[in-house]
Structure formats: structure tokens, C-alpha cells
Amino acid sequence: MSIIGFPLLLIPVAICNIIVFLMPGLAFDAAMTRVVLPSGATWTIALGDMLVALGVLLLLPEVMKAARPGAKYLTDHLLSLLVLAGITAEFVMLPQFANATVALLALLALVDFLSGIALRSRHRREARAARAAAKSSAEIIEDEPEQPAPVAEPAPLVVPATELAPQTVEPASASAASAASIAEAVLLDRPEPVKPAATAKDEEKSPAR
């Protein structure tokens, strides 16, 4: 079972009631133990001192419990208030409780109650500030105009340079045929060599001999 809602300061208060009602011969100033300090002095620890020290140690988890997020503030405050009211009433109304130990325990219960109220007020302020910040951010988002989504432009068509250049390459066979025809025409148009006149006359005379 969880002890989150249990008031821890009720433990030293209950021990006080047990001592008063069930152990009437035991006083709060009775020496429980003695400790020799390094200085040489002897420190006498009484029963009431141990109860107050226990209450101080239990006050820390009480404050931590009230500071946790999502705490049951109403239940914790009511229980702390009941402990404070009970120990104060015993200190004021009953003579057996009229001592410094009970007074200090009542003071610790008062600190526990007031710290719970202070932490609750702080949590409320933080919650209001968080809601206000969320509301303002939502209003800013609603006021901003919606921008149209950018339209993607089509990429330009890239044509290879080989497709743009004209096809000027002729076959090798056609080039060879044209070169041969040109050479033949040059040879046909060449004039025959002219023989000298003396040589022609000798040829005419040679048969007569």
C-alpha cells in the first residue's frame, strides 16, 4: 500500500502519546545515551531530543511529497492540518504535553502545512502560465496566412549536340568513285605529243630507198 497520503509527522506525535499515556514514569528529558565528542565534552542525548530529530528528518520527505507533480494536494493538506491541530491541542490542553519537545513537534507540523500551501500556489501559477503560453502560440499560428505550396517547374529539355549537327559524312565508297572519275577525265583530255618536221620527212623518204 502506498504511503503517499500518510502524514509522516504523525509518527513522532504518536510516540509522544505512547510515552505520556502508556509510560507515565518516563520523562521527555530522560537521558537515553551519552556521546563523547572529539573535544572531550560529553553530549547527553535525551528522549525529547531524539523525537525532535526524528520529526526534522521526516519533514524532508513530507515537503518532497508535496512538491511532486500531480500530488493529491487536498488529501495531504487535510492530513497535515489534522496532525497540526491534534499536537497543538494536546500542548495547550493537557499538562503532560506542556514541554519543549511537543512544542517543537507542533512547530514542525505547522511548517509542513504551510510549505504544502506554498507549493500548491506555485504549481497553480506555473500551470496558468503554461496554459497562457499555449493559448498565445495557438493564436499566433491561427493568425498566420496560409502560403500556397510552391509549384514545381518542368525541367528544360536538353537535346544532345550530336542530334543538332547535320549529317555531312559521306560513305567511303562514294568518295573513292568520285576521285577515280576525276582522274580518268584528266587523262582523256591530255593532248598527244607533236612530232618534229624533219623526222616526218625522213619517214617519207625511207621507202623510196
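Biologist: How many cavities of 30 Å³ or more does the structure hold?

Modeller: The structure holds 1 cavity of 30 Å³ or more. A cavity here is a set of points, on a 1 Å grid over the protein atoms alone, where a 1.4 Å probe fits but cannot get out. This is a predicted model, in which local features need pLDDT of at least 70 and side-chain atom pairs count only at pLDDT 80 or more, while totals for chains, interfaces and linings use all residues. Residues are numbered from 1 along each chain as its sequence is written, and side-chain values use heavy atoms, with hydrogens and water left out.

Biologist: How much space lies in the largest cavity?

Modeller: About 60 Å³. That volume is the space filled by probe spheres set on the grid points, which are joined across faces, edges and corners.

Biologist: Which residues line the largest cavity?

Modeller: The lining consists of Glu62, Lys65, Ala66, Asp76, His77, Ser80, Asp112, Phe113 and Gly116; a lining residue has an atom within 4 Å of a point. Helices α2 (47–67), α3 (73–93) and α4 (100–143) are the elements that give two or more residues to this lining. Helices (H or I, at least four residues) and strands (E, at least two) are DSSP runs, numbered from the N terminus.

Biologist: Which residues of α2 are buried?

Modeller: They are Leu47, Gly48, Leu51, Val52, Gly55, Leu58, Leu59, Glu62, Lys65 and Ala66. Buried means under 20% relative accessible area, exposed over 50%, and partly exposed in between, with a 1.4 Å probe and protein chains only.

Biologist: And what span should α2 have?

Modeller: Its 21 residues should span 30 Å at 1.5 Å a residue, and the end C-alpha atoms of α2 are 31 Å apart, which agrees. The expected span is 1.5 Å times one less than the number of residues.

Biologist: Back to Leu47: what does it touch?

Modeller: Leaving aside residues up to four places away in sequence, Leu47 touches Ile19, Leu26, Ala27, Phe28, Ala30 and Met32, where contact means heavy atoms within 4.5 Å. Leu47 has 10% relative accessibility and so counts as buried. Its C-alpha atom is separated by 7.7 Å from that of Ala27, 20 residues apart along the chain.

Biologist: What about α1: which of its residues are buried?

Modeller: Pro12, Val13, Cys16, Asn17, Ile19 and Val20 are buried. Seen down the axis of α1, these fall within an arc of 160°, so they line one face of the helix; the arc is that of the directions from the helix axis to the C-beta atoms. The face turned away from the buried side carries the exposed residues Phe21 and Leu22.

Biologist: Finally, how many helices and strands are in the protein chain?

Modeller: There are 7 helices and 2 strands, running α-β-β-α-α-α-α-α-α from the N terminus on. Of the 209 residues of the chain, 21% count as buried.

Conventions
On a 1 Å grid over the protein atoms alone, a cavity is a set of points where a 1.4 Å probe fits but cannot get out, and a pocket is an open set with protein on both sides within 12 Å along at least five of seven lines; lining residues have an atom within 4 Å of a point.
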